[in-house]
Amino acid sequence: MSKQFSLLLTMLIIQLAAAAQTGSIDSLLQKLKSAKEDTAAVKLLLAIGVRYEDSDALIAKDYFYKAAALSNKIGYAEGRIAGYTRYSSHFFMTGAYDSVIFYNEKCLEIARGIKDTLNIGYALFNIGMAHSHLSDFVSAIEYCLEGRKIIEGKEPSIEAQLNDRLQALYHQMVQYDKAITFGEKAVQQARELNSPAFLTQALVNLSLSYVIKRMPEKARPLLTEALDLAKKNGNIHHEASALINLSEIEFLEGDYETAKLYTEKCLAVYRQIGSLDGEVIALRSMARYYLHKKDFTNAKILATQSMEMASKNNFRWEHTWASKLMSNIAFAAGDMLAGEKYYQQSEDTLIRMINDLLYGDRKSVV
């Protein structure tokens, strides 16, 4: 079975901008016109970026970069950290994890220079989560545990985020019971904090472990609630993740047409927001639909696209699933040689990932 899960993650981010500015985008833009080049202007740029995050990530990214650049010009270390962290969150969303590591290493250096303990922990944890998406679980665990040791116990909202990120990490490491333990805590804390955006994320991530444990009766209500929250709050990235994971339940239950509808919607969104890993997953889901319909030509075209994108971006986990799907398509079409080739390819990638996890070979790529 070829699965297409989409973990829904944002990074741990300093709340400098959100706490400093209130008002609509229009009012903040008006203030910016007369702003001086000082710390207040940095906070204004960050606040505008935050307002744009859900509706237009590219505009948000531009404002975060401007905030970092102005902070660098005026020697405002906290603003540089906030700007670079927020700027790197765009790369996190689009799957450019090497860039996430690069900018969070900058944050780590700055935070250490000013002895900002909390942001040292944030940067370490963010670097760890980026490594986890590159299937470098040895580095991921090292960075995340070091960051968690610094951050843990600081405040309830941070604790909730830590639990959600850890559930995602353990899910990627195929430790689903641990993932569920951290995920249940994250959902409960998100409800207590009355944070719809964070609750959506925690619900989606928790559902994945229940799906893979073949417990759709627990997963479906979580995803339905997440989808409703995403639509209500206009967060299309969250909506896409809920849809692709709902499609997995429909595949498991044999409702292929509904699975296709969910997948088509989320593929359009992933392309709109530039989410490369999301597009890889959605393409594989569409290929899976055509496989079930015995349309092997379209299935092969889409699975090939998914596999090539995964390889190009070093998404090793996704490359493994795409190769396995290519094998299934070839076998179903009667091409035994191609089936064996792609099956072995998926096994080789999986073995390299396991070796990395056990022995820490951090240079292995697809």
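Let me begin with the loop between helix 15, which covers 276–292, and helix 16, which covers 296–312, because Lys294 is found there, and in this predicted model the phi of Lys294 is near 65°, a positive value in a residue other than glycine. At 64% relative accessibility, Lys294 counts as exposed, since the cut-off for that word is over 50%.

Val174 is found in the loop that lies between helix 9 and helix 10, the latter being residues 176–193. Here the relative accessible area is 43%, so Val174 is described as partly exposed.

Let me now step back to the chain as a whole. The chain has 18 helices and zero strands, and of its 366 residues, 55% count as buried. If we take the contacts in the chain with a separation of 6 or more, then 63% of them are accounted for by residues 24 or more positions apart.

What does the largest nonpolar core consist of, and which residues have the most contacts inside it? This core has 110 residues, and those with the most contacts inside it are Tyr97, Phe125, Leu169, Leu203, Cys266 and Tyr270. The largest share of the core, nine residues, comes from helix 15.

Helix 7, residues 117–133, packs against helix 9, residues 156–172, at an angle of about 20°, and their axes are 10 Å apart. An angle under 35 degrees counts as roughly parallel, and so helix 7 is roughly parallel to helix 9. The crossing in which helix 7 passes helix 9 is left-handed.

Now for another pair, helix 12, residues 216–233, and helix 13, residues 236–253, which pack at an angle of about 150° with their axes 9 Å apart. Are these two helices roughly parallel or roughly antiparallel to each other? The angle cut-off for antiparallel is over 145 degrees, and helix 12 and helix 13 are therefore roughly antiparallel to each other. Their crossing is left-handed. On the helix 12 side we find Pro216, Ala219, Arg220, Leu223, Leu227, Ala230 and Lys231, and on the helix 13 side the residues they meet are His238, Glu239, Ala242, Leu243, Asn245, Leu246, Ile249, Glu250 and Glu253. By class, the contact between helix 12 and helix 13 has nine nonpolar, two polar and five charged residues.

I would like to finish with another lysine, Lys260, which is found in helix 14, residues 256–273. Is Lys260 buried or exposed? With a relative accessible area of 19%, Lys260 is buried, given that the cut-off for buried is under 20%. As for its surroundings, leaving aside residues up to four places away in sequence, Lys260 touches Met286, Tyr289 and Tyr290. Lys260 is thus buried, whereas Lys294, where I started, counts as exposed.

Notes:
Residues numbered from 1 in each chain as written. Predicted model: local features only at pLDDT ≥ 70, side-chain atom pairs only at ≥ 80, totals over all residues. Heavy atoms only, no water. Axes fitted to C-alpha atoms, helices over the stretch in contact; angles between N-to-C directions. Helix = DSSP H or I, 4+ residues; strand = E, 2+ residues; numbered from the N terminus. Parallel < 35°, antiparallel > 145°, perpendicular 65-115°, else oblique. Left-handed = near helix turned anticlockwise from the far one by under 90°. Buried < 20%, exposed > 50% of the residue type's maximum accessible area, 1.4 Å probe, protein only. Core = buried A, V, L, I, M, F, W, Y, C linked by side-chain atoms within 4.5 Å. Contact = heavy atoms within 4.5 Å. Nonpolar A, V, L, I, M, F, W, Y, C, P; charged D, E, K, R; others polar.
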